[in-house]
Amino acid sequence: MTELVDSYGRVHRSMRISITDKCQLRCTYCMPAEGLPWIAKDDLLSPEEIYFLAKAAYSAGIREFRLTGGEPLIRPEVVDIVARLATLSTAEDPVDLSMTTNAVLLPRFAVRLKEAGLNRLNVSLDTLRPERFAKLTLRNSLEQVLDGLHAAKDAGFTPIKINTLIMPGVNDDEILDLTDFSLKNGYELRFIEHMPLGISAWDADTIVTQADILRELSQRYTLTEMPNRKSAPAARWRIDDGGTVGIIASVTNPFCGDCDRLRLSADGKMRTCLFSDDETDLRESLRNGADTQAILRIMALATLGKGPGHSVGQADYVRPKKGMSQIGG
């Protein structure tokens, strides 16, 4: 088996696959109120093409696929896409198939996604306050998101992770409230440092750092750092004798040296790093007749060219032109 290995010896086992760049929310750090120039329908990877590329990646050692967007649940074929990818998994060699969603449509889809073979869910939720949610997303959808979380639990998803982007003067006063909410309901909370992506202004003053978050949490909880992080993006701490909390500190404590992730955008562009504009067009090659081996060679060459890490905060850093919804979370 040909593995996807870069020049620094990192073997890649994870791929995030965006299935749409559209979203019904308008999170102010991600997307303008009027939306963005959407990818044309004919330029989106079809379910068949997504499966073909995922199967090729599976043959090269990728064992974790996460479906992202935009908001993946607004893609009409989302359940079909999940069901196709789930067929890659075997009892001897299972695939971890997950999804990141804003949960607005989960009450409608949770059971069907579980039955189709989805293993896990990550839900994006930055506040528990309705007025603040409306201000952050330009939509009055907090109740729907909370209903979606309940629907996911009722459907049997576990663990359910909550992803929270923490920003100073915006929602940093909810660190303890969000943690209490997650512990009470059995969710695994992940705080995320504000990254230089999307449309929002960014500098060092827009970050609530890992150190800031730990300092706040320590006011109420006893935290014990958990070992064996490996390539996981979140460092994790056990809280008292109960649940866990994680922090994705891509800016102040980057984990590039252990990164094993690749990204595939909804229009078939492969990226080896979230913070780089370098892309490899797999869709064009696929539609021009490339077979599995040809696609694997393209993937392998792109992976080999992956840099050692991002340079966020350094003088030579160039902010990516695309935001998270266009790249794929």
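**Loops, helix packing and overall form of the predicted chain**

Proline 159 is located in the loop that connects α5 to β5 (160–166). The description that follows refers to a predicted model. The peptide bond between threonine 158 and proline 159 is cis, with an omega of about -5°. Glycine 70 belongs to the loop running between β2 (64–68) and α2 (78–86).

Alanine 103, although not a glycine, has a positive phi of about 75°. This residue, alanine 103, sits in the loop between β3 (96–101) and α3. Alanine 103 has a relative accessibility of 0% and therefore counts as buried, since the limit for that class is under 20%. Lysine 230, likewise a residue other than glycine, has a positive phi, with a value near 55°. The loop that holds lysine 230 lies between β7 (223–225) and β8 (235–239). With 67% relative accessibility, lysine 230 counts as exposed, because that class begins over 50%.

The packing of helices was considered next. Two packed helices are described by the angle between their axes together with the distance between those axes. For helix α3 (residues 106–116) and helix α5 (residues 142–154), the axes come within 8 Å and cross at roughly 20°. An angle of this size makes α3 roughly parallel to α5, as angles under 35 degrees are placed in that class. The crossing in which α3 passes α5 is right-handed. On the side of α3, the contact is made by Leu106, Pro107 and Ala110; on the side of α5, Gln144, Asp147, Gly148, Ala151 and Ala152 take part. By residue class, the contact of α3 with α5 consists of five nonpolar, two polar and one charged.

A further helix pair is formed by helix α1 (residues 47–59) and α2, whose axes are 10 Å apart and which pack at an angle of about 25°. Helix α1 is therefore roughly parallel to α2. As α1 passes α2, the crossing is right-handed. Helix α1 contributes Pro47, Glu48, Ile50, Tyr51 and Ala54 to the contact, and these meet Asp80, Ile81, Arg84 and Leu85 of α2. The residues in the contact of α1 with α2 comprise six nonpolar and three charged, with no polar residue among them.

At the level of the whole protein chain, the secondary structure amounts to 10 helices and 12 strands. The radius of gyration of the protein chain is 19 Å, close to the 20 Å given by the globule rule for 329 residues, so the chain is as compact as a globular protein of that length. Taken along the principal axes, the box filled by the C-alpha atoms of the protein chain has dimensions of roughly 55 × 45 × 45 Å. Buried residues account for 54% of the 329 residues in the protein chain. Sequence separation was examined for contacts between residues at least 6 apart in sequence: of these contacts in the protein chain, 72% join residues at least 24 apart.

How values were computed. Residues numbered from 1 in each chain as written. Predicted model: local features only at pLDDT ≥ 70, side-chain atom pairs only at ≥ 80, totals over all residues. Heavy atoms only, no water. Axes fitted to C-alpha atoms, helices over the stretch in contact; angles between N-to-C directions. Helix = DSSP H or I, 4+ residues; strand = E, 2+ residues; numbered from the N terminus. Parallel < 35°, antiparallel > 145°, perpendicular 65-115°, else oblique. Left-handed = near helix turned anticlockwise from the far one by under 90°. Contact = heavy atoms within 4.5 Å. Nonpolar A, V, L, I, M, F, W, Y, C, P; charged D, E, K, R; others polar. Rg over C-alpha atoms; globule rule 2.2 N^0.38 Å. Buried < 20%, exposed > 50% of the residue type's maximum accessible area, 1.4 Å probe, protein only.
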